[in-house]
Amino acid sequence: MSWTLYTFAMSHYSEKIRWTLDFSRIDYQEVRMTPVFHMAPALLMGKRGQTTLPILKTPDITIQDSSRILLWLEKTRAPLALIPKVSSQDIHAVERHFDAIGKDVARFLYARSFGSGDAHIVKLWTDNATPLKAAFVRAAYPIIRWGFKRKLNITAKGAARAQKRITDVIDWLEGQLSDGRTYLVGQTFTAADITAASLLAPIACPSQHPVYGDPAYQRTMAGATAPWRDRQALQWVRQMYQLHRGVIHTEATSRKAA
Ligand SMILES: N[C@@H](CCC(=O)N[C@@H](CS)C(=O)NCC(=O)O)C(=O)O
């Protein structure tokens, strides 16, 4: 096995690529990183001055950013069933739509759960950590949370803007589904559906997802997810997970913590 996907277990952008690789039956190892400790490796591997995950490392290339990874897969693993050539442009257009609210989803959920949900957030941030790293994150949590708030602009105003942008995209998704279609582009399941479902999964909480399917996560986020939980768009996300997610790669095959 020579491909490695660096992720956060709870990252929705990481889930987009994990699901794409799983669905495409591409063999890889997932390395789940610990917040803060991911920064130096991500900077070094990505070489783009960015600390974001996912990062895909193959013997030939290392790629940071889920959209760039998808484009690379489309080119090098053609024909990729998830991105039929004829609908590639439409798929990437949908992808951009949902990628654009990824940070808003994180911003809004953290804004609503920092404070009351701190114990669970610490658990999420340390679940895949070595004991030493976990102890550091627990001890430094108030400082990390402060840095996180600044980085993601987690303020009352920022959260309100995020809520509006998420609602707009959910309205848009329901508009697309209003003609009774199952899939966003064409008649088959594509990377457009994976992107939409992955990016909204932290709100939809599909039971197949190892983090968002956990009842403790759902309880912690109940207040934050309430504005949209019962919307048709979120039911569609759960339907996509039920129909196409199957067993998550990491439960079936290999996973490492870092
Ligand atoms: N445009 C990027 C966004 C990825 C992103 O924001 N990832 C978040 C986790 S969901 C992250 O790595 N945050 C930590 C950081 O920025 O250092 C992509 O599509 O991969």
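Modeller: P79 lies in the loop between α3 (66-76) and α4 (88-99); helices (H or I, at least four residues) and strands (E, at least two) are DSSP runs, numbered from the N terminus. The model is predicted, with pLDDT of at least 70 needed for local features and 80 or more for side-chain atom pairs, while totals for chains, interfaces and linings use all residues. Residues are numbered from 1 along each chain as its sequence is written, and side-chain values use heavy atoms, without hydrogens or water.

Biologist: What kind of peptide bond joins A78 and P79, cis or trans?

Modeller: The A78 to P79 bond is cis, with omega about -5°. A cis bond also joins L53 and P54, where omega is about 15°. P54 is in the loop between α2 (39-46) and β3 (55-57).

Biologist: Helix α8 (residues 156-177) and helix α12 (residues 232-244) pack with axes 8 Å apart, at an angle of about 70°. What is α8 called relative to α12, roughly parallel or roughly perpendicular?

Modeller: Roughly perpendicular, because angles of 65 to 115 degrees get that name (under 35 is roughly parallel, over 145 roughly antiparallel, the rest oblique). The axes are lines fitted to C-alpha atoms over the stretch in contact, and angles run from 0 to 180 degrees between N-to-C directions.

Biologist: Which residues of α8 and α12 meet?

Modeller: I170, L173, E174 and L177 in α8 meet Q232, A233, L234 and W236 in α12, where contact means heavy atoms within 4.5 Å. Six of the contact residues are nonpolar, one is polar and one is charged.

Biologist: How do you know that K16 and D99 form a salt bridge?

Modeller: The N to O distance is 3.0 Å, and the rule asks for a side-chain nitrogen of Lys or Arg within 4 Å of a carboxyl oxygen of Asp or Glu. R18 and E30 also qualify, at 2.9 Å. That pair joins helix α1 (residues 12-23) to strand β2 (residues 29-32), 12 residues apart. The whole structure has 15 salt bridges.

Biologist: How is the protein divided into domains?

Modeller: Domain 1 is 4-80 + 248-257 and domain 2 is 92-244, with bounds from an automatic or database assignment. Their C-alpha centres are 18 Å apart. Domain 1 gives 27 residues to the contact and domain 2 gives 33.

Biologist: What area do the two domains bury between them?

Modeller: About 2600 Å², 65% of it on carbon and sulfur atoms; this is accessible area (1.4 Å probe) lost when the parts are put together, summed over both. M10, H12 and W19 supply 29% of the area that domain 1 buries against domain 2, more than any other three residues. Two salt bridges cross the interface.

Conventions:
Ala, Val, Leu, Ile, Met, Phe, Trp, Tyr, Cys and Pro count as nonpolar, Asp, Glu, Lys and Arg as charged, and the others, Gly among them, as polar.
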